[in-house]
Amino acid sequence: MTKFEEIIKKAKKVGLTDTEKSQIRANLLVRMGGLGRQINQRSLIFRVIKPMPIFASLLVMAMLGGGVSFAAENSLPGEVFYPIKVKINEEVRATLALSAEAKADWEARRAERRLEELEKLAAAGKLNAETKAKIEANFEKHAEKVKERIAKLESKADVKAAADVSSKLETSLRAHGKILKKFSGTASVAVKADAEAHIASTTRAAIELKLASTTHPNVESAAEGKLKAVEHKLQEVRNFMEKFGTTTAEAEARLKLAEETIVEGKVKLEAKAYGEAFALFQKAHRIAQEAKLLMQAGKELKIDVREELKATILKNRPH
């Protein structure tokens, strides 16, 4: 069985309700209504694909230029294409994540996507109790899966990958915990995001301790690779600040702290304390990435994140 056939087989198990199918079909027909004579040609496509499973139907439409999958990516809970986003797009991407690390990374990203959806709905004043409860439940589900996948990476002695995923998850959840506290009605999810961030932090610290206290065969290359990654991240954040005009004194101070942490890591690297160097480069990466997430939220959600940037600087500054 080919990889494509495996995706099809898995996706066929993903079901949409009759209401969801009707809403999607109606929305597509409305969109195609402006195409004049093409509507009759498209209706033939619908007659052909109607008996097919919902995934196969959507796959055909995407190949024919419908753009359904692409349109669904920006949808939010309650919108017509949202079921495609979570039940089709995300499931296919999960199947296409081939390595254990890629699968863990994608599950972490899914948890983050749920928090982003919650923030956007709250910012727009469109969040209700029912939608919040569903998003919260899905976030918890993804968070549990990430922890399971990190544990599997550790069990396979892939400690670098486990540390990377834990660190990225910790950063994302801490940032979104701060963002969610900016809105009313999202406090309970902010608390859960903070709690999961703490768990990820504890896991990450324990893994880094293993790297620092043992002669792991790949610890030197891991440290060198993380140095390149954090230098790239710093440039990425600076490019973001320049492009979107999000530069503030607090943001600059945050990046300066990241740069100082990199210098500390380089000292450890030269001393061949590779595990400690890796941990410091990871820390610098978290500082820079959280800055970007906060600034991005400030721009997209129109909130002031200067205090959040400042608070994190004070917390992470070396004593």
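Axes here are lines fitted to C-alpha atoms, for helices over the stretch in contact, and angles between N-to-C directions run from 0 to 180 degrees. This is a predicted model, in which local features need pLDDT of at least 70 and side-chain atom pairs count only at pLDDT 80 or more, while totals for chains, interfaces and linings use all residues. Residues are numbered from 1 along each chain as its sequence is written, and side-chain values use heavy atoms, with hydrogens and water left out.

**View 1. Helix 6 and helix 7 cross at roughly 165°.** The axes of helix 6 (residues 82-96) and helix 7 (residues 100-123) come within 10 Å, and the crossing angle therefore makes helix 6 roughly antiparallel to helix 7 (angles over 145 degrees count as roughly antiparallel).

**View 2. Residues of helix 6 meet residues of helix 7.** Contact means heavy atoms within 4.5 Å, and the residues of helix 6 that take part include Tyr82, Lys85 and Glu90, while those of helix 7 include Trp106, Arg110 and Glu117. By class, this contact has four nonpolar, one polar and nine charged residues.

**View 3. Helix 7 and the glycine just after it.** The 24 residues of helix 7 should span 34 Å at 1.5 Å a residue, which agrees with the 35 Å between its end C-alpha atoms. Just after helix 7, glycine 125 takes a positive phi of about 70°.

**View 4. Threonine 202 in helix 10 (residues 187-213).** Threonine 202 counts as partly exposed because its relative accessibility is 45% (partly exposed lies between buried, under 20% relative accessible area, and exposed, over 50%, with a 1.4 Å probe and protein chains only). From C-alpha to C-alpha, threonine 202 and serine 166 are 9.0 Å apart in space, although 36 residues apart in sequence.

Terms used. Helices (H or I, at least four residues) and strands (E, at least two) are DSSP runs, numbered from the N terminus. Angles under 35 degrees count as roughly parallel, over 145 as roughly antiparallel, 65 to 115 as roughly perpendicular and the rest as oblique. Ala, Val, Leu, Ile, Met, Phe, Trp, Tyr, Cys and Pro count as nonpolar, Asp, Glu, Lys and Arg as charged, and the others, Gly among them, as polar. The expected span of a helix is 1.5 Å times one less than its number of residues.
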